[in-house]
Amino acid sequence: MDSTIATPCPSTPKWNVDRPFLTGRFHQETKSTSGIPESKGFSTDHFSPGVDKPIGCYHAAIQELIVIDDLLYSLIGIEGRYISIKRARGKDDSVIFQVDSSMDLALQDSAKRIIPLCESYLLVSQFVESRSQFKTGLVNHAFAAALRALLLDYQAMVAQLEHQFRLGRLSIQGLWFYCQPMMGSMQALSIVIKKASANNFTGSAVLNLLHTQAKAMAGDHVVRSLLEKMTQCTSTAYLGILERWVYEGVIDDPYGEFFIAENKSLQKESLTQDYDAKYWQQRYSLKGDIPSFLANAAETILTTGKYLNVMKECGHNIQVPMAENSKLTSVGSSHHYRECIKAAYDFASGELLNLVKEKYDLMGKLRSIKHYLLLDQGDFLVHFMDIAREELMKKPDEISVEKLQSLLDLALRSTAAVADPFHEDLTCCVEQTTLLKRLSTLKDLEISQTVSSSSDLEEPVSITGLETFSLSYKVRWPLSLVISRKSLTKYQLIFRSLFHCKHVNRQLCAAWQLHQGLRRLDMQGIAISVSSLLCRNMLKFINSLLHYLTFEVLEPNWHVMHNRLQTAKSIDEVIQYHNFFLEKCLRECLLLSPVLLKKVERMKLICLQYASATQWLITYSNDTPKTDGSPNVKKYKQLKLRIPSQIQKVASENATVIESILKFEREFTAELRSLGPILSSSSRAEPYLTHLAQWLLGVGRD
């Protein structure tokens with residue numbers, strides 16, 4: 001899938017990055033460049049002689065005062081006279097505090113207990129600085145802001161301790177006593193920060209890290225409460241993006257942190273043009289990182305926004321009603337989030353379904369497609385086949401589609417189809433390949449794998465519009481979500497199968513009428529009797545096949561789909577039921593069974609060859625293809641006046657005709673008999689074939 005083109009984030013100005021005197025780094029950097037230790041933050045009025053002296057030169061009481069003063073500066077990330085900051089080798093963000101080795105051992109021990117808090121502060125402070133840049137994203141900005149607020153409280157505590165120290169009321173033990181409550185919290189934050197920095201976490205990953213760490217600290221109520229508070233503050237920015245998506249259908253995600261991606265290269269127009277269009281599946285999709293507290297509702301969140309976007313594309317601007325207690329950015333449990341998301345989903349789903357069903361009349365459109373492409377009302381087709389017969393007899397590349405369209409419009413206006421409000425959306429098209437070849441090009445259908453590997457799949461030498469003609473339908477947004485190009489193609493495959501069966505039926509009916517006309521002329525020879533019986537069997541075969549396709553497959557499945565669509569709760573359910581209907585019809589119409597389909601096509605070809613040869617056969621058997629009242633009837637009535645030599649010639653020709661008819665009969669009977677075992681073996685896995693076997697295998701038994 002093409003990645004979404006992210007909006008370039010603004011760069012942080014250089015003057016806002018190079019601020020060493022607002023961070024703790026400049027102290028060690030200054031020291032490393034100058035090599036001269038400087039006194040930072042400690043009044044030289046008290047201990048001016050000790051600037052260049054080791055701390056061990058002083059009395060223990062003086063040392064304690066110096067150590068407390070140094071620790072107060074170290075607590076805010078500034079090194080003192082005898083407590084220095086060293087950067088760990090190979091780790092830019094890792095620092096350690098070192099105390100003067102000449103310091104009193106008891107004071108060293110006390111100082112080292114407080115130093116982890118100093119290191120944690122420095123780590124947190126540097127993280128806040130680094131994560132406040134634009135490129136780190138909104139979640140890191142929110143996390144840095146929450147940490148900054150915590151550091152303000154921490155610095156206020158240090159200021160109060162310094163005030164007590166200046167008043168002479170703070171000892172080293174007192175300092176340790178007041179620092180202890182912050183130790184656990186700062187260390188827990190340090191662990192989170194180290195993991196976030198090491199993996200360069202952004203967006204959902206930061207939220208998941210905080211959530212996981214809060215669960216891990218279940219035994220420490222204070223630390224867990226702090227981490228949960230941090231999670232809530234950090235997730236506010238993320239929930240703001242989520243809120244706009246589920247309530248407005250808008251992705252306001254400047255840094256690409258949201259777990260839903262938008263692929264703007266996929267346009268809704270592709271639904272009506274591209275068979276493999278992925279608009280509905282991939283225009284909006286889930287990304288990898290999903291916040292753990294939203295993982296169970298991720299699909300619902302995605303679908304809710306998709307529904308709102310469909311309505312926006314229709315010009316139907318709607319916003320999910322949002323009460324004060326339904327705001328996602330308000331503090332709440334995961335249960336609260338799920339309730340708000342479920343309410344938004346129900347509203348969006350109901351609104352879109354009503355819009356598609358009521359305003360755009362989805363059911364009316366589907367009924368119209370059923371009338372034409374599934375031949376539910378075939379009177380227009382009979383009229384069309386009559387007036388377009390000459391054009392359809394041409395080769396596909398010689399047919400004028402414009403002429404066919406005008407003839408189709410004439411047929412629609414001349415029949416009951418004119419009452420259909422959608423009849424103007426019907427168009428015609430002419431394919432360049434046969435039905436089997438077309439099926440083999442559709443890679444998502446099961447038949448393609450079997451047919452494409454068959455060696456006997458060859459394009460006929462000459463095909464006409466009767467084998468390649470099809471109808472199409474104009475479908476507009478948002479109905480194209482349900483009736484997409486892929487769905488229309490499947491409708492067309494079914495239509496082509498039905499249309500060809502209708503064509504075969506019409507040809508056999510014409511041959512049958514020919515035989516009936518000869519009966520009225522009392523010209524029934526052996527050839528006529530044999531041909532009449534064969535024609536009846538062929539008609540019974542094609543009528544049985546049409547009956548199975550229409551009354552055993554299409555009608556029952558249509559009613560099942562219609563009832564399901566009436567109770568559908570969302571547009572996704574509508575799409576699912578519609579696709580299931582088409583797949584089931586394709587399968588039961590034998591279009592996904594290549595072996596059976598080729599057998600049936602072969603039998604239809606024999607029927608067409610017989611029907612086209614009927615007039616020639618009847619002519620050579622001294623019968624007439626015309627009915628009573630034709631101008632050629634007198635000519636054939638005079639055949640009885642022929643001389644004996646002519647009669648002998650006619651007898652010879654009759655034998656040839658009978659042999660030709662018997663050849664058609666043998667081919668048709670052989671194909672019909674070979675169809676029996678295939679249907680019997682296949683019906684075990686596909687029960688619907690039992691009905692087809694009952695209809696087709698009964699042909700010729702009476």
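Two strands pair if DSSP finds at least two bridges between them, and threonine 427 stands opposite serine 472 in E6. Helices (H or I, at least four residues) and strands (E, at least two) are DSSP runs, numbered from the N terminus. This is a predicted model, in which local features need pLDDT of at least 70 and side-chain atom pairs count only at pLDDT 80 or more, while totals for chains, interfaces and linings use all residues. Residues are numbered from 1 along each chain as its sequence is written, and side-chain values use heavy atoms, with hydrogens and water left out.

**Strands E5 and E6**

- Strand E5 (residues 426-430) runs antiparallel to E6, and 5 bridges join them.
- Strand E6 (residues 469-473) has 5 of its 5 residues buried, so it is largely enclosed by the rest of the structure; buried means under 20% relative accessible area, exposed over 50% and partly exposed in between (1.4 Å probe, protein chains only).
- From E6, Phe469, Leu471 and Tyr473 point one way, whereas Ser470 and Ser472 point the other way.

- Helix H4 (residues 60-74) has 15 residues and should span 21 Å at 1.5 Å a residue, which agrees with the 20 Å between its end C-alpha atoms; the expected span is 1.5 Å times one less than the number of residues.
- Among the buried residues of H4 are Gln63, Ile66, Asp69, Asp70 and Tyr73.
- The axes of H4 and helix H5 (residues 105-130) come within 10 Å and cross at roughly 5°; axes are lines fitted to C-alpha atoms, for helices over the stretch in contact, and angles run from 0 to 180 degrees between N-to-C directions.
- That makes H4 roughly parallel to H5, a term for angles under 35 degrees, with over 145 roughly antiparallel, 65 to 115 roughly perpendicular and the rest oblique.
- Contact (heavy atoms within 4.5 Å) is made by Ala60, Gln63, Glu64, Val67, Leu71 and Ser74 of H4 with Leu107, Ala111, Ile114 and Cys118 of H5.

**Helix H11**

- Helix H11 (residues 298-313) has 16 residues that should span 22 Å, in agreement with end C-alpha atoms 23 Å apart.
- In H11, 12 of the 16 residues are buried, so the helix is largely enclosed by the rest of the structure; Lys306, Tyr307 and Asn309 are among them.

**Leucine 442**

- Leucine 442 lies in the loop between helix H17 (435-441) and helix H18 (447-451), and is buried at a relative accessible area of 3%.
- Leucine 442 and aspartate 276 are 166 residues apart in sequence, yet 9.5 Å apart in space, C-alpha to C-alpha.
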